[in-house]
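Hi there,

Here is the structure I promised to pass on. My notes on it follow below.

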Amino acid sequence: MKSDVYKINNAVEKIKTGKNTQFLDGKELKIVTGKLKKNEYNIYYPYKDSEKVMLYTGKVPKVKLYKIYTV
């Protein structure tokens, strides 16, 4: 899809300019990291075994996670 290509390209551009990406799923992560050098990024896991991660270059991103309760 066109939006998937945009999200991948946007994530690569963010890392190359020293910014954080949005949360990426496993498939997106594999594609994005395949377009970057290993020393260009770090991976932020919000919690152990998380399904989505962020890529960053400098400081660890500050992220607030909220648990949603359903009835």
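What should the 15 residues of α1 span at 1.5 Å a residue, and how far apart are its end C-alpha atoms? The expected span (1.5 Å times one less than the number of residues) is 21 Å, and the end C-alpha atoms are 21 Å apart, so the two agree.

Before the rest, some ground rules. This is a predicted model, in which local features need pLDDT of at least 70 and side-chain atom pairs count only at pLDDT 80 or more, while totals for chains, interfaces and linings use all residues. Residues are numbered from 1 along each chain as its sequence is written, and side-chain values use heavy atoms, with hydrogens and water left out. Helices (H or I, at least four residues) and strands (E, at least two) are DSSP runs, numbered from the N terminus.

**Helix α1**

After α1 comes Gly18, with a positive phi near 80°.

**The core**

A nonpolar core here is a set of buried Ala, Val, Leu, Ile, Met, Phe, Trp, Tyr and Cys residues joined through side-chain atoms within 4.5 Å. The largest one has 11 residues, among them Ile8, Leu24, Leu29, Tyr41 and Val53. Both α1 (2-16) and α2 supply at least two residues of this core, and α1 gives the most, with four residues. Leu36 is also one of its residues; leaving out residues up to four places away in sequence, Leu36 is in contact (heavy atoms within 4.5 Å) with Val12, Ile15, Lys16, Tyr41 and Leu55.

**Two residues to look at**

Glu28 belongs to helix α2 (residues 26-34). Is Glu28 buried or exposed? Glu28 is buried, at a relative accessible area of 14%. Beyond its neighbours within four places in sequence, Glu28 contacts Lys7, Ile8 and Phe23.

Asp49 is in the loop between β1 (42-44) and β2. Asp49 is not a glycine, but its phi is positive, near 65°. With a relative accessible area of 67%, Asp49 is exposed.

Best wishes

Conventions. Buried means under 20% relative accessible area, exposed over 50%, partly exposed in between (1.4 Å probe, protein chains only).
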